[in-house]
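Please look over the structure below before reading the briefing. The notes are grouped by topic.

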Amino acid sequence: MNRLQNLFANKKSNLLSIYFTAGYPELNTTLDIAEALEQAGADFLEIGFPYSDPVADGPTIQQSSEKALENGMTLNVLFEQLQQLRERVNIPVLLMGYINPIVQYGIERFCKKAAEVGVDGVIVPDLPIYEYEKLYADTFKQNNLSNIFLVTPNTSEERIRKIDGLSNSFIYLLSSSSITGSTLNVSTSIEDYYKRIKGMELNNPTIIGFGISNNASYTKACEYANGAIVGSAFVKHLAMDDYLKNIPEFINNIRPRS
Amino acid sequence: MKYGVDEHGYYGDFGGAYIPEMLYPNIEALRAQYLKVLNDDDFKAEFDQLLKDYVGRPSPLYHAKRYSEKYGANIFFKREDLNHTGSHKINNAIGQILLAERLGKKRIIAETGAGQHGVATATVCALKGLECVVYMGEIDMARQAPNVARMKMLGATVVPATSGSKTLKDATNEALRDWIGNPEDTHYIIGSAVGPYPYPEMVAKFQSIISFEAKKQLLEQTGSELPQYVLACVGGGSNAIGMFYNFLDDESVKLIAVEAAGKGVETGHSAATTSLGKEGVLHGTRTILMQTEDGQVVEPYSISAGLDYPGIGPQHAHLFKVNRAEYVSATDDEALNAGLLACQLEGIIPAIESAHALAHLEKMAFKPGDNVVICLSGRGDKDLDTYIKHFGY
Ligand SMILES: Cc1ncc(COP(=O)(O)O)c(C=O)c1O
């Protein structure tokens with residue numbers, strides 16, 4: 001079991017994951033941010049590695065990626081920083097990014113390195129199922145990395161079942177078909193979709209992401225899934241002065257301490 | 001077809017559909033339906049009729065006598081420049097709008113670099129009364145202002161792409177993002193033989209009319225449907241794949257694709273993808289693209305906005321890798337000079353894109369009697385400013 005699988009075995013509800021782009025707003029604060037998030041109560045983390053052409057991302061994460069690249073963030077630099085990951089951070093960590101930097105780094109090398117520094121899983125939005133199964137699944141498994149698949153309101157039931165079979169930690173439910181950072185309208189159709197998924201009784205836990213930006217959307221997501229992911233809202237937080245110091249307050253606003 | 005696509009959308013090592021899950025239903029619906037629609041009699045009849053009466057096809061195969069004399073071979077121009085809207089881009093736009101209509105889509109999006117594909121798309125949307133949104137890099141909008149105005153006159157909304165490098169690749173990203181947010185009512189008319197499968201295959205099929213006609217015309221004019229050489233310029237590769245398509249299995253025909261070398265392949269200001277690129281994934285397809293060691297896409301440079309793309313279509317990547325076609329390049333200056341030569345020898349002002357293909361003639365050695373076909377993909381009206389500035393007319 002990796003840390004991610006462990007977490008889901010022990011905690012079934014109100015999970016909170018935070019996404020941030022490595023190298024933003026400063027090159028060398030990746031672990032400071034990760035550590036602060038753990039201390040503030042985040043259950044697991046998604047660390048984004050930047051890409052020049054992030055088609056699934058809205059302006060907030062696009063701009064953070066551009067800035068991170070300007071700051072000099074690369075996969076090499078990130079893995080260098082993550083050498084100390086497990087000295088400072090205990091919660092599960094996923095890497096999130098696009099396929100091309102991984103192809104250039106080399107898939108085997110990427111997975112080995114990720115496992116070596118203590119990463120538990122990977123989210124690659126533009127890696128489709130066919131290619132994953134054919135070219136990548138074995139390498140992921142050898143390195144005990146979970147691959148996280150996305151499901152949208154338009155994903156067919158048959159395909160969701162297939163994704164459930166290929167997943168071994170959790171399934172990432174998109175609140176709507178949208179890029180990151182769009183505002184979420186909790187409409188009846190979204191609730192129907194959440195309910196439909198819940199009714200499928202999948203083997204894997206589900207975490208809802210995209211458009212979760214405050215306590216209301218977080219709470220609604222947690223009614224139907226095991227937890228939620230906050231991305232763009234946190235990346236916006238990082239643009240402010242004292243972003244490190246105010247991380248507890250940010251987390252508290254999403255999920256008030258009970 | 002030996003060089004064709006397999007059932008998973010691959011041409012050898014290249015192709016596939018590297019798309020986020022949000023686009024999967026759209027791409028899957030296209031994949032499942034496009035062949036059925038394309039083979040439908042009603043579709044074929046309307047496609048053929050529009051190509052004939054609206055676009056003005058068949059485009060002539062013109063035996064360029066003074067060029068032939070100069071280069072010592074029979075040089076033929078395939079006159080895509082004479083199409084309605086002035087380039088080959090309209091062939092694909094017509095095909096895709098008819099498809100979109102049959103898929104019940106109400107809204108069309110497209111990306112454009114130079115504006116030629118944007119104009120072609122705006123045109124077919126006007127023809128069909130469909131809403132049209134064209135994404136164009138903010139920098140390109142300034143460089144190609146007349147085409148922006150043209151699209152607006154045709155009723156399209158032109159949206160500046162302000163992300164990344166603010167050019168064609170970013171316009172493509174914006175179009176993909178729009179499609180993610182509007183999966184149900186919108187069809188994305190991609191402008192070249194790029195993108196996730198089935199786009200490269202579909203665009204190639206629509207553009208294959210170019211070589212389909214050329215073969216017949218060659219037979220009439222030379223007594224053989226097979227020439228010795230076929231040349232075309234490559235941005236994403238749609239006019240080139242259309243020009244090559246029906247010759248791919250005729251291995252005696254040498255296929256030559258001309259990329260834009262910009263200021264020179266080694267100057268850092270170039271768009272010569274096969275020389276400078278490495279294998280990777282761009283805009284949903286595994287192909288060859290210009291990128292840094294870290295896998296970040298590099299912004300290319302060419303004087304011709306239509307060739308200013310950091311990748312090539314996956315079928316081209318395959319033809320390059322297995323050596324079925326030769327990939328060469330021409331610089332800005334070589335292309336501009338070739339464009340001027342076409343004006344002076346044949347009375348034809350070619351698009352600067354097409355002039356890249358013409359420029360390669362200078363570097364070839366022919367045997368007497370060789371038949372050579374060049375795709376004149378577009379006319380040069382849009383490039384007059386650039387020509388005039390460069391030559392000081
Ligand atoms: C006249 C002309 N030729 C060629 C191209 C390059 O595109 P492709 O390689 O898809 O034919 C363009 C693109 O805008 C164009 O306008």
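Where does the ligand sit? The ligand sits in the largest cavity. A cavity is a set of points, on a 1 Å grid over the protein atoms alone, where a 1.4 Å probe fits but cannot get out; a molecule sits in one if more than half of its atoms lie within 2 Å of its grid points. This is a predicted model, in which local features need pLDDT of at least 70 and side-chain atom pairs count only at pLDDT 80 or more, while totals for chains, interfaces and linings use all residues. Residues are numbered from 1 along each chain as its sequence is written, chains are lettered from A and ligands numbered from 1 in the order in which they are written, and side-chain values use heavy atoms, with hydrogens and water left out.

**Ligand surroundings**
- Of the 18 residues around the ligand (a heavy atom within 4 Å), those that come nearest are Ser192(B), Gly235(B), Gly237(B), Ser238(B) and Ser377(B).
- An N or O atom in the side chain of Ser192(B) is 2.5 Å from an oxygen atom of the ligand, and a polar backbone atom of Gly236(B) is 3.2 Å from an oxygen atom of the ligand.
- On the side chain of Ser377(B), an N or O atom is 2.6 Å from a nitrogen atom of the ligand.
- The protein buries 97% of the 390 Å² that the ligand exposes when taken alone (Shrake-Rupley method, 1.4 Å probe).

**Strand S3 of chain A**
- Strands are DSSP runs of E with at least two residues, helices are runs of H or I with at least four, and both are numbered from the N terminus.
- In S3(A), residues 93-96, Val93(A) and Leu95(A) lie on one side and Leu94(A) and Met96(A) on the other, and all are buried (under 20% relative accessible area, 1.4 Å probe, protein chains only).
- S3(A) pairs in the parallel sense with S2(A), residues 44-48, over four bridges; pairing requires at least two DSSP bridges.
- Glu46(A) stands opposite Leu94(A).
- S3(A) also pairs in the parallel sense with S4(A), residues 121-123, over three bridges, and there Met96(A) stands opposite Ile123(A).

**Backbone features**
- The peptide bond from Arg57(B) to Pro58(B) is cis, with omega near 0°; Pro58(B) is in the loop between H2 (41-55) and S3 (61-63) of chain B.
- Tyr197(B) and Pro198(B) are joined by a cis peptide bond with omega about 15°.
- His283(B), not a glycine, has a positive phi near 45° and is buried, with a relative accessible area of 7%.

Terms used:
Buried < 20%, exposed > 50% of the residue type's maximum accessible area, 1.4 Å probe, protein only. Polar contact = N/O pair within 3.5 Å; in protein donor to acceptor, adjacent residues only side chain to side chain. 1 Å grid on protein atoms, 1.4 Å probe; cavity = no way out; pocket = protein on both sides within 12 Å on 5 of 7 lines; lining within 4 Å.
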